[in-house]
Amino acid sequence: MPEKYVYRFEEGSKNDRARLGGKGASLAEMTRVGLPVPPGFTVSASACNAYNKLGREFPEGLEDDIWREVGVLEERLGKRLGDGENPLLVSVRSGAAVSMPGMMDTVLNLGLNPTTRDGLGARAGRRFALDCHRRFIQMFGNVVLHMEHSAFEEIMQSAREKAGVSHDHQLSEGDLEEIIARYLEIVERHTGKPFPVDPREQLILAIRAVFDSWENPRAKVYRRINQISDDLGTAVNVQAMVFGNLSPQSGTGVLFTRNPNTGEKLLYGEYLTQAQGEDVVAGIRTPKEISALKEDIPAAYAQVEKVAALLEQHYSDMQDIEFTIEDGQLYMLQTRSGKRSARAAVKIAVDMVHERRIGKEEALRRVTPEQIDQLLHRGVDPDAQNEVIAKGLPASPGAACGRIVFDADTAEKLGRVGEKVLLVRPETAPDDIHGIVLAQGVLTSRGGMTCHAAIVARGMGKPCIVGCEALKIDLGRRELQVGGRVLKENDVLSIDGASGRVFLGEVPMVEPELGGESAEILAWADAVRRLGVMANADTPEDAEKARAFGAQGVGLCRTEHMFMQPDRLPVVQEMILALSEAERRAALDRLLPFQEGDFYGILKAMHGLPVTIRLLDPPLHEFLPDVEELAVEVALLKERGGQGGGEYRTKADLLRKARALAEFNPMLGFRGCRLGLIYPEIYEMQARAIFQATARLQREGVDARPEVMIPLVGDPKELEISRRLVAAVHQEVESETGAKIPLKVGTMLEVPRACLLAGEIAPHADFFSFGTNDLTQTTFGYSRDDAEAKFLTRYLEEKVLAENPFAVLDQAGVGQLVTFGVARGRAVKPEIKVGICGEHGGEPKSIAFCHQTGLNYVSCSPYRVPIARLSAARAALEDD
């Protein structure tokens with residue numbers, strides 16, 4: 001028996017998302033609870049998958065099922081598809097299991113042709129029927145026949161100008177007849193055959209087009225960005241039409257049960273009278289705020305309020321609702337959990353806990369780490385003096401600055417090479433997704449708060465302003481006019497998505513702060529998580545910021561960054577150029593006060609919390625000038641006859657040493673603990689600086705807790721010798737100062753051999769910290785810089801690798817080494833503290849792995865600490 005592929009709305013529920021898609025499941029659920037939903041049926045996502053597997057052919061029995069359900073719909077409504085007197089018209093909409101706003105395709109008014117149009121006109125008015133017909137041709141031509149939307153819009157714009165009107169609903173019957181004739185001409189010119197008039201053919205072609213849309217470029221881009229499986233497929237919803245363009249008492253709208261930008265508990269949305277649903281989200285007309293519906297159609301507004309409250313209560317979440325009003329009667333077309341800004345997501349989750357609609361654990365599941373990341377975006381400095389040249393609708397918060405570009409392709413091209421650009425358009429369309437991804441923000445002259453640009457930007461956390469009508473954008477000339485000023489492509493603008501302001505030039509920004517609901521939800525996360533969260537911090541300022549964001553200590557303090565500062569780099573170079581240990585120690589004695597001051601500041605900022613200080617790691621040549629540049633300087637000095645001068649001798653000495661220290665593969669060369677073993681005086685100076693700073697702080701009543709980390713250990717003997725060196729300096733400083741200084745010495749495991757020998761290394765270590773950046777390089781045999789520049793992007797596109805292993809921890813390879821190292825280390829020393837301190841320490845999937853592997857902590861950059869706190873809590877909830 002063939003698989004069942006078609007389901008009436010009455011046959012499903014909200015639990016059928018995988019089969020019916022999000023839209024189909026919501027229509028079924030709203031039907032089940034008795035809301036006014038136009039009847040229809042859903043062709044399942046499994047039918048789409050079968051269609052694609054069969055080489056874009058319908059599976060057995062599907063077409064028969066479709067016609068059977070069309071017959072049921074006809075009997076129920078007393079209308080017939082293709083009937084010249086009382087025609088059945090339907091909409092055909094996509095709907096995947098995961099919300100993909102604007103990414104798929106929709107056709108309205110299907111079933112119209114000259115005959116059925118006349119039948120519709122006899123019942124509802126000729127102008128209305130003509131309007132529906134021109135809409136149908138336009139949508140069918142775009143979605144099914146793959147014609148550019150702009151081809152139709154040019155005809156519409158020309159007709160509006162000729163008629164002297166601003167909006168489509170102001171066009172006369174004669175205008176619409178001319179538009180339809182011109183539409184049919186360009187369709188035949190494009191396809192080489194007349195527009196299909198058989199409604200049955202129209203329906204099958206439309207369903208095929210929706211199936212095909214699953215594989216269109218914008219859908220693929222959206223799935224890749226949001227990590228949505230390619231195997232889900234899309235369902236197709238066929239539904240009896242209701243008409244928002246029927247009369248002045250008709251309209252269409254989109255609303256959210258709470259403000260999706262701020263989370264405020266009030267109806268938020270827009271509507272248009274005498275319009276159909278695509279008019280609102282397409283952004284072609286600027287709609288009215290939903291509150292104005294109370295004046296325009298009071299009875300319908302009361303219905304909207306009641307249904308919105310019921311749906312939010314039913315789903316226990318903020319809903320994004322699409323509706324149509326036909327002659328004063330409300331019809332529900334969709335409900336789904338609404339996309340929201342990061343700020344709104346946190347507020348709504350916290351408010352719903354206080355309203356006793358959800359529990360704290362559910363709130364933690366609803367707020368994503370990516371949303372916490374977005375909360376850390378910068379805003380416009382309140383004291384900024386830049387000229388405000390326009391103001392639009394604040395569609396997605398955050399501030400952005402960049403060069404103006406007028407199309408998505410240019411935004412993508414420049415964004416990929418690191419240029420900061422703003423995508424400026426009259427309105428965006430789903431095809432613009434690739435440019436939105438790489439733009440800093442989006443600015444449109446048309447559209448409302450629920451248009452495509454607003455929804456997509458909000459979901460991505462991109463600043464966005466829409467409906468900025470003061471902008472007169474000329475895409476042909478690639479310029480915009482505003483207030484008598486002409487701005488060209490590549491001119492710089494700044495936008496404030498929180499206020500809708502557009503600034504000329506680059507505006508100063510302010511750093512974000514976490515407080516209010518954000519602090520509350522992170523406190524709930526701290527109560528749930530079992531994984532500690534520390535920060536990578538190299539300065540007191542970094543340490544203070546990390547502590548403010550909730551870090552429980554410093555998991556990695558890189559001392560080489562301190563050596564690069566201008567006031568000490570010459571002394572470091574002196575130390576490197578030293579011809580004897582005595583000369584080297586003299587230079588190190590001059591560096592000691594600098595290092596002690598560095599550690600004093602960081603340890604003080606982390607009063608009462610551990611600070612893990614990694615001793616010098618990079619090869620010494622990194623502290624010297626570039627060899628080629630230096631050789632040019634020496635040659636020029638020689639040409640000018642300066643061989644006898646001090647500058648020449650210094651430069652020549654630097655060049656000789658730089659050449660002597662140059663390595664074929666510096667990443668695997670003379671660095672890390674190898675430096676400390678060959679030049680122990682370097683590590684001695686650093687250890688002394690740490691312990692002297694600790695002793696000073698103890699005298700001042702500060703609870704300083706240093707931990708010393710030896711880098712790049714690959715053999716137990718390396719750590720044994722290094723620990724002995726640090727312990728000897730520790731003893732000296734205690735003896736000299738009378739202080740009782742805690743002594744903790746551990747190592748970074750960042751080469752495979754260290755992981756394999758973790759059991760032998762553990763007796764010499766108080767802690768392990770997996771340096772997953774270098775461990776990834778040494779496990780894969782990739783140089784990170786070379787891989788990302790030359791082949792990694794292609795590997796990801798060709799699915800050689802599922803994810804960038806330098807961004808997301810490679811659990812199959814690197815993860816196995818980490819797991820092995822943890823097990824071997826704890827088998828010898830059960831109490832050993834274990835964490836990671838690579839960039840993976842702030843990435844949610846990697847954090848979940850660390851939780852599952854039983855690590856004690858992760859360490860990440862200060863701005864990723866809040867993300868790590870939430871990710872660790874969500875990982876703990878997955879265990880429960």
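A helix here is a DSSP run of H or I at least four residues long, numbered from the N terminus. Ala-124 lies in one such run, helix α4, which spans residues 114-124. The model is predicted.

**Ala-124**

Partly exposed means a relative accessible area between the buried limit of 20% and the exposed limit of 50%. Ala-124 has 32% relative accessibility, so it counts as partly exposed. Ser-396 is 272 residues away from Ala-124 in sequence. In space, the C-alpha atoms of Ala-124 and Ser-396 are 40 Å apart.

**Strand pairing**

Strand β7 covers residues 268-273. Of its 6 residues, 5 are buried, so the rest of the structure largely encloses β7. β7 pairs with strand β6 and also with strand β8. Thr-252 faces Leu-272 of β7. On the β8 side, Tyr-271 has Lys-288 as its bridge partner.

Elsewhere, strands β19 and β20 form a hairpin with 2 residues between the strands. Gly-483 in this hairpin takes a positive phi near 55 degrees. Leu-480 is bridged to Leu-487 in β20.

The table lists these pairings.

| Strands | Residues | Sense | Bridges |
|---|---|---|---|
| β6 and β7 | β6: 251-256 | antiparallel | 6 bridges |
| β7 and β8 | β8: 288-289 | antiparallel | 2 bridges |
| β19 and β20 | β19: 479-482; β20: 485-488 | antiparallel | 4 bridges |

**The second largest pocket**

How much space lies in the second largest pocket? The volume is about 780 Å³. The lining of this pocket has 29 residues. Those nearest the centre of the pocket are Asp-617, Arg-671, Asn-773, Asp-774 and Gln-777.

Which element supplies the largest share of the lining of the second largest pocket? Helix α31 does, with 4 residues.

**A nonpolar surface patch**

Leu-677, Ile-678 and Ile-721 make a nonpolar surface patch of about 230 Å². Ile-678 belongs to helix α26, residues 673-678. Is Ile-678 buried or exposed? The cut-off for exposed is over 50% relative accessible area. Ile-678 has 53% relative accessibility, so it counts as exposed.

Terms used:
Residues numbered from 1 in each chain as written. Predicted model: local features only at pLDDT ≥ 70, side-chain atom pairs only at ≥ 80, totals over all residues. Heavy atoms only, no water. Patch = residues over 30% accessible without salt bridge, like charges linked within 9 Å, V, L, I, M, F, W, Y side chains within 5 Å. Areas by Shrake-Rupley, 256 points an atom, 1.4 Å probe, with all protein chains shown as cover. Salt bridge = Lys/Arg side-chain N within 4 Å of Asp/Glu carboxyl O. Buried < 20%, exposed > 50% of the residue type's maximum accessible area, 1.4 Å probe, protein only. Pairing = 2+ DSSP bridges. 1 Å grid on protein atoms, 1.4 Å probe; cavity = no way out; pocket = protein on both sides within 12 Å on 5 of 7 lines; lining within 4 Å. Points joined across faces, edges and corners; volume = space filled by probe spheres on them.
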